[in-house]
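Subject: Structure for you to look at

Hello,

Here is the structure I said I would pass on. Please open it alongside this message; my notes follow below.

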Amino acid sequence: MNYLEDFERHISLYDGMLIETGGSFGKGKLVGDKYEGECLEIARKYILAGGEKRELLFVIDNYILLYKDGKEWKFLDLEMSFLNRLKEKTEKL
């Protein structure tokens, strides 16, 4: 299994889930936190398999840059909160 690709895929799907649920996906403690936990678990497996943390952070930073200028996107605050929390927790792995 390619954990880095899986990690990136999970991050890329987050905005779609926000749109599909009208933003409630990112606000829910159970669902949003569980999804964040799934992303972190993939990150842990990637590191345990010999991957480098900087590669995970590079993926997150690319998404942060992607959404940084998306001022008109309805769920920007939820997306950026997710990415920033994920980055912070990934740095601590």
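Helices here are DSSP runs of H or I with at least four residues, strands are runs of E with at least two, and both are numbered from the N terminus. His10 lies in helix H1. This is a predicted model, in which local features need pLDDT of at least 70 and side-chain atom pairs count only at pLDDT 80 or more, while totals for chains, interfaces and linings use all residues. Residues are numbered from 1 along each chain as its sequence is written, and side-chain values use heavy atoms, with hydrogens and water left out.

Helix H1

H1 covers residues 3-20, 18 residues, and should span 26 Å at 1.5 Å a residue; the expected span is 1.5 Å times one less than the number of residues. Its end C-alpha atoms are 25 Å apart, which agrees. H1 bends by about 25° at Tyr14, where the bend is the angle between axes fitted to the seven residues ending there and the seven starting there.

His10 is buried, with a relative accessible area of 11%. Buried means under 20% relative accessible area, exposed over 50%, and partly exposed in between, with a 1.4 Å probe and protein chains only. Other buried residues in H1 include Phe7, Ile11 and Leu18. Leaving aside neighbours within four places in sequence, His10 is in contact (heavy atoms within 4.5 Å) with Tyr35, Glu38, Cys39 and Ile42. Just after H1, Gly22 takes a positive phi of about 65°.

Helix H4

In H4, the buried residues are Leu56, Leu57, Val59, Ile60, Tyr63, Ile64 and Tyr67. Seen down the helix axis, they fall within an arc of 155°, so they line one face of H4; the arc is that of the directions from the axis to the C-beta atoms. On the other side, Arg54, Phe58, Leu65, Leu66 and Lys68 are exposed.

The core

A nonpolar core is a set of buried Ala, Val, Leu, Ile, Met, Phe, Trp, Tyr and Cys residues joined through side-chain atoms within 4.5 Å. Which members of the largest one touch the most others? Of its 25 residues, they are Phe7, Ile11, Ile60, Phe82, Leu83 and Leu86. H1, H3 (29-48), H4 and H5 (76-91) each give two or more residues to this core, and the largest share, 7 residues, comes from H4. Leaving aside neighbours within four places in sequence, Leu83 is in contact with Ile11, Ile60, Tyr63, Ile64 and Tyr67.

Regards
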